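Good morning, and thank you for joining this meeting. Please look at the structure on the screen before we go through selected parts of it.

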Amino acid sequence: MTALAAPLLPSLGTGTMRATVFHAPGDIRVDEVPRPHAGPGEAVIRITTTTICGTDLHILKGDVPTVTDGRILGHEGVGIVEEIGPGVTRVKKGDKVLISCITSCGTCPFCKKGMYSHCEDGGWILGHLIDGTQAEYVRIPHADTSLYALPASADEAAMAMLSDIFPTGFECGVLNGQVKPGDTVAIVGAGPIGLAALLTAQFYSPSEIVMIDPDENRLKVAQSLGATRTVKAVGEEAVRAVMALTHGAGVDVAIEAVGVPATFDVCQGIVGPGGRIANIGVHGKSVELHLEKLWSHNITLTTRLVDTVTTPMLLKLALSGRLQPLKLVTHRFHLEEAMKAYDTFGSAARERALKVVLEG
Ligand code: ZN
Ligand code: ZN
């Protein structure tokens, strides 16, 4: 009888939890806040692993004004279903789940096209327009279509890399760049997203993958993950190096994984005739488009907000060990130490940080 009674003891509808809360640019804190509860179609997940994204640093700087005072940050994570609301059928209490960074209703015109990023009642809302995953508990709307059930044995830190960075690197970089067998691929930016593009580009057997970054340590990591060449340079110097490596031909695919004008310029400088520029970076400033050069070069330029439509495929590869997301995890902290984790991730070069994981 006690066994039956015990799970009912924590009273639903009350209680508080610890969470990383945005207050103002430059001001985030670990606060005590009310625990969320599940309404119709929703689930509450007890977070066991979450992580900090480059986007969170942009929010902290004040680059994302739609994030307002009191918002719990975080859009990546893995946890255990704690509570489900009416109508949820595909997950149940106690299931281990992956939380997608993109919330999708599954039924609106955009979702039906597979463009979950533009879902009329979702998209990127977690840790942005609704409270996010850097907390003990998170409420997930449209739980049936925004969560992925995981085997109980799945490595949580590895799986958390599939909330955002792997689908982003793959969909926005590799798929949009149409990487094909034998292609020469260049990836500008060897941060977590660039490295996720590096790992997933190898599904298609390109002949060369050139990684471009000013950070020596990141290039070493890239080499260990399959980059065939590395270029430790920026700007014109990087363009010259890639053009020399390709004997003046340029690359078939140039993947932009930073999000500033200078790295976009490198992509424009190295893309060869018939090539593709696949932009992944989040751009806050306009760039100069060199149509005076590119108009006659049969170039394709793509942009995309990750849709996470490839998450089921990436999950299969990660669970089988063919894809090894854990290689990007460099630091682990307890959820309570979120401020320390933000400091570490914010000084990524000095700390040699790639993905920084927070554990509950
Ligand atoms: Zn992210
Ligand atoms: Zn939708």
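We start with Glu 120, which lies in the loop between helix H3 (109-112) and strand E7 (137-140). Helices (H or I, at least four residues) and strands (E, at least two) are DSSP runs, numbered from the N terminus. This is a predicted model, in which local features need pLDDT of at least 70, side-chain atom pairs count only at pLDDT 80 or more, and totals for chains, interfaces and linings use all residues. Residues are numbered from 1 along each chain as its sequence is written, while chains are lettered from A and ligands numbered from 1 in the order in which they are written.

Is Glu 120 buried or exposed? Glu 120 has 12 other C-beta atoms within 10 Å, so this residue counts as exposed. The cut-offs, with C-beta atoms placed from the backbone, are 20 or more other C-beta atoms within 10 Å for buried, 12 or fewer for exposed, and partly exposed in between. Leaving aside neighbours within four places in sequence, Glu 120 is in contact (C-beta atoms, placed from the backbone, within 7 Å) with Cys 105, Cys 108 and Phe 110.

Let us turn to strand E6 (residues 96-99). Both of its faces are covered: Lys 96 and Leu 98 on one side, and Val 97 and Ile 99 on the other, are all buried. In a regular strand the side chains alternate between the two faces of the sheet. Strand E5 (residues 77-84) runs antiparallel to E6 and is joined to it by four bridges; two strands pair if DSSP finds at least two bridges between them. Ile 99 in E6 is the bridge partner of Gly 77. E6 also pairs with strand E8 (residues 147-150), again in the antiparallel sense over four bridges, and there Leu 98 has Tyr 148 in E8 as its bridge partner.

Next comes an open sheet of six strands, in the order E11-E10-E9-E12-E13-E14, with parallel pairing. Strands E11 (229-231) and E14 (300-302) stand at the edges with a single partner strand each, so one side of each has no neighbour in the sheet. Within this sheet, E9 (residues 184-188) and E12 (residues 251-256) pair over four bridges, and Val 185 stands opposite Val 253 in E12.

Finally, most residues other than glycine have a negative phi. Gln 178, however, has a positive phi of about 50°, and is found in the loop between helix H6 (165-175) and E9.

Terms used. Contact = placed C-beta atoms within 7 Å.
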